[in-house]
Amino acid sequence: MAEDGAVTVYGSGAITDAKKNPFSIKSGLAQMLRGGAIVEVTDARQAKLAEEAGACSVIVSEPTRGGGGIRRMPDPSLVKEIKRAVSIPVMARARVGHFVEAQVLEAIGVDYIDESEVLALADEENFINKHNFRTPFLCGCRDLGEALRRVREGAAMIRTQGEVLSGQDGNVAETVKSVRNVMKEVRVLNNMDDDEVFAFAKKIAAPYDLVAQTKQMGRLPVVQFAAGGIVTPADAALMMQLGCDGVFVGSEVYDCSNPYNRLKGIVRAVRHYNDPHVLVESSCGLEDSMAELNLNEDRIEEFGQSSRN
């Protein structure tokens, strides 16, 4: 099955032309981020702080502007400035389907490209053919079928996320829901008879070879991170204990009196997610990180009404 385009992440097989853009190399680069925290930054100062706190990578985002508007890839000059400021890998976002933005980001030398639903959609029907690029891509998902479709398109890393909210960094409850959904589908697949995999692949609209590989491996065939609403060490450890390989931390982590301590606590929690004593130490002194709820006011009101009924 490794021939004719099947993905073999831990073997020698690769999708498409192995001499041009070998998938095995790109997936190997993504493997280097396992067990780490990727921090969203909007300037070089934040990037340096994230590096000092132990982040495995930073993802560049344009500063939030009032009045909304279309969100596009970050300014290339900002990306270059941040690349000069830090020695860890730098990611940048491109709009879904906008392969020219991806070409620009690759030309300026980003280490990873995030084809992100957080930005405005450039193509409502098609994602970027990521096999045409040397740079590893990461894509978002909320279920197993979506994750494997993105891997077939060439994604070397999957970002399991919650509901994408414009102007907000996400709700951790929605992220937990998506992570559990993916893990549950993997467990269901693992317990299937081999003859049932064909129907399951059709049901989730995913390539059969990738579904079969997921069953064999007992996990997604590429690195899986969680993203959305992760702002405390406990949030990060929760995602790791649910089975993720790492976490994304939104730029809201800087909206506190001591962002370095909070970032350092999250990084430690990702690395020692099964050690309650380390989690206690990492969470101490971060009371301001709990100051804002992840739920918006409508969800809080809805929850309150349902609990009274």
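Here are some exercises on the structure above, each with a worked solution.

**Ground rules**

This is a predicted model, where local features need pLDDT of at least 70, side-chain atom pairs count only at pLDDT 80 or more, and totals for chains, interfaces and linings use all residues. Residues are numbered from 1 along each chain as its sequence is written, and side-chain values use heavy atoms, with hydrogens and water left out.

**Exercise 1. Get an overview of the chain.**

Task: find how many helices and strands the chain has, and what share of its residues is buried.

Solution: 
- Start with the secondary structure, where helices (H or I, at least four residues) and strands (E, at least two) are DSSP runs, numbered from the N terminus. The chain has 12 helices and eight strands.
- Next comes burial: buried means under 20% relative accessible area, exposed over 50%, and partly exposed in between (1.4 Å probe, protein chains only). Of the 309 residues in the chain, 52% are buried.
- Then look at contacts, meaning heavy atoms within 4.5 Å. If you take contacts between residues at least 6 apart in sequence, 60% of them join residues at least 24 apart.
- The chain exposes about 14900 Å², with carbon and sulfur atoms supplying 49% of that.

**Exercise 2. Take a look at helix α8.**

Task: work out why helix α8 counts as largely enclosed, and which helices its buried residues pack against.

Solution: 
- Find α8 at residues 208-217; seven of its 10 residues are buried, so the rest of the structure largely encloses this helix.
- Pick out the buried ones: D209, L210, V211, A212, Q213, T214 and K215.
- Check their neighbours, and you'll meet α5 (144-152), α6 (172-190) and α7 (197-203).
- Step just past the end of α8 to G218, which has a positive phi of about 75°.

**Exercise 3. Follow the salt bridges.**

Task: find what E115 pairs with, what R159 pairs with and what R219 pairs with.

Solution: 
- A salt bridge here is a side-chain nitrogen of Lys or Arg within 4 Å of a carboxyl oxygen of Asp or Glu. As background, side chains of opposite charge can pair when their charged atoms come close. The structure holds 14 salt bridges.
- Go to E115, whose side chain meets that of K130 in a salt bridge at 2.8 Å, N to O. E115 is in strand β4 (residues 112-116) and K130 in the loop between β4 and β5 (137-141), so the pair ties together parts 15 residues apart in sequence. Both E115 and K130 are buried.
- Move on to R159, which forms a salt bridge with E117, their closest N and O atoms being 3.5 Å apart. R159 sits in strand β6 (residues 157-161) and E117 in the loop between β4 and β5, so this pair ties together parts 42 residues apart in sequence. R159 is buried at 4% relative accessible area, and E117 is buried too, at 18%.
- Widen the view: E40, R93, D114, E117 and R159 are linked in a network of salt bridges.
- End with R219, whose side chain meets that of D245 in a salt bridge at 2.8 Å, N to O. The pair links distant parts of the chain, 26 residues apart: R219 in the loop between α8 and β7 (223-227), D245 in the loop between α9 (233-241) and β8 (246-249). R219 is partly exposed at 21% relative accessible area, whereas D245 is buried at 6%.

Definitions and conventions:
Areas by Shrake-Rupley, 256 points an atom, 1.4 Å probe, with all protein chains shown as cover.
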